[in-house]
Amino acid sequence: MNDILKGELVRLSAIDPEEMSGALARWRRDSEFNRLLNMGVIHLDSAKAIRQWIEKDMENEGSREYFFAMRSLADDQLIGGLGLDVVAWAFRDAFVAIFIGEREYWGKGYGTDAMNVLLEYAFLELNLRRVSLGVFEYNPRAVRSYEKVGFRNEGRQRSFLNREGRRWSMFLMGILRNEWMEQNHKPVKSQ
Amino acid sequence: MNDLFRGELVRLTNENIDVLSESEIRWQRDTEFHRLADGDPAELHSEKKIKEWLEKRMSDDNPNRFNFSIRTLADDRLIGFIGLYLPFLHGCDAWVGIGIGERHYWGKGYGTDAMRVILRYAFTELNLHRVSLALHEYNTRAFRSYEKAGFRSEGRVKQDQIREGKRTDTLFMGILRSEWKDAFVEGAL
Amino acid sequence: MFDIHTQLFEGQDISFGPIDYEKDAEIESNWTHDAEFMRLMELKPVRPMSPALVRKQYEKIEKEIEESHSLYYFTIHAKADDRLIGKAVLEWIEWTNGNGWIRLGIGSADDRRKGYGSQALQMLLRFAFAELNLFRVTAMVPAYNEAMISLLKKFSFVEEVRRREAIERDGRFWDLLTFGLLRSEWESQNASAREEKP
């Protein structure tokens, strides 16, 4: 029974609403960060408003959402967040969301490491069968990271986003439990 | 894609509370029924309380509970209840509970049929891996029914109940999806 | 012709209507006891609902319509007797991107294979593109829903995404498909349809 929430560069920890809301309020002022993450209209919300929304989410979380703070192992800094939304328990499928708010941690493998930690949690703790994600066409760094982890392209919704005066697709990717287990040299048990 | 809620003798439904409460009020007076179905002391509740409790039981708000009423196919009579309780959504097991309140329908295969319907629901709609149940050792009719539906004995907790001054055991049974599939294929179900 | 005089809620043999708390709940309660229909219409575990629960669901729907401004819910009626036969939904609308998701179903097997689904989809798309000014419309369909898949293809929807083994039902895995239709594609469909008319 390994340390399931720890990777090589990051660890997953509980979200502290005070800390996370302050960080998100700051990160969201970077509109590039915002547009990579969100499909909806980007807002600049106060830390207080974000905190209330986080706390309400945590109340409703219960059985559907499993969200974590992302912290660097080196200095325990809060660098982002990630989590699973189990859209259908009966189908054992969840959508993953991940973001790194601190720019200096972009492109250095932190996202890939965090995703692997989360997938281990998804497959070995939540017993999910597959994990899905949506990623915007204009986010090639994320697409590469997800491919490295083992996600496969499952299609794209054309002209899904309207930003900066042009249309962009949203790519859909998915990874099956068996695929990830094999790639990570875990014993593959038949389900 | 077959008719999931229909068996050969019964079908599973969801009913308006005022329809259910009328039956529940009658059934709660039958202490033999109560002692077969439950472990707690027999009580008599007001109609108001029963309705409140039924609202909660039959609502679809709780993702861990799937409760149904049982109606006969022949004459659409409301005869009992059956339900699944999932202790963990990420787990693979559920507890099933059944009660046939209308005595006239005991020992005639209605319970077994309802159990088969709910097992099919558990394995092909909720995609569970196994279904569990517990029963009083003195409920021999139920034991035979559950065996017919495919459940196997998994053990007993000794003398954890006292009824009419006598200590009795609680029996535990379970059925795995693979066992259910095999029985299904063989035509046993 | 699609002009300002068009009756958006009237089709040839069907019409769209609002929720009728009195009349609809019993009928819809029956649909929820039909697992075959429910498995075509819903991805969440099918569960039968009493008329009272259906009414509660109607309340939730109307509340969401009011609060989210991203949901349009229509009941489908057979014009001959104004009978409720199905529902058509436009949901998860994102206004800045111009996206919406559609779902529709004809509740009773007896009412299917009569062209009602086609008419309903035509009306729903007209509402989405000509009234809501959406840019694209999306439909998510499990691979076992062959009727819906052929209906979407008839309207030139493009299969965009195939989420492998995303659904487990009836003891096996199924892919979950996403179809998309852009407004330009819908407009050219209608343009050629108009050209074909004598």
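Visitor: How do helix α1 and helix α3 of chain B cross?
Guide: Their axes (lines fitted to C-alpha atoms over the stretch in contact, with angles from 0 to 180 degrees between N-to-C directions) come within 9 Å and cross at roughly 120°. Helix α1(B) spans residues 17–27 and α3(B) residues 47–58; helices are DSSP runs of H or I, at least four residues, and strands of E, at least two, numbered from the N terminus. This is a predicted model: local features need pLDDT of at least 70, side-chain atom pairs 80 or more, while totals for chains, interfaces and linings use all residues. Residues are numbered from 1 along each chain as written, with chains lettered from A and ligands numbered from 1 in written order.

Visitor: Which residues in α1(B) meet α3(B)?
Guide: B:Ile17, B:Leu20, B:Ser21, B:Glu24 and B:Ile25. On the α3(B) side, the residues include B:Ile50, B:Leu54 and B:Met58. Contact means backbone-placed C-beta atoms within 7 Å.

Visitor: Other topic. How many residues of chain A are in contact with chain C?
Guide: 21, against 23 residues of chain C.

Visitor: Which strand of chain A gives the most there?
Guide: β6(A), with nine residues. β5 and β7 of chain A each supply at least two.

Visitor: And A:Met70, what is it in contact with?
Guide: Beyond neighbours within four places in sequence, its contacts include A:Val10, A:Leu12, A:Ile79, A:Leu82, A:Ile100 and A:Ala114.

Terms used: Contact = placed C-beta atoms within 7 Å.
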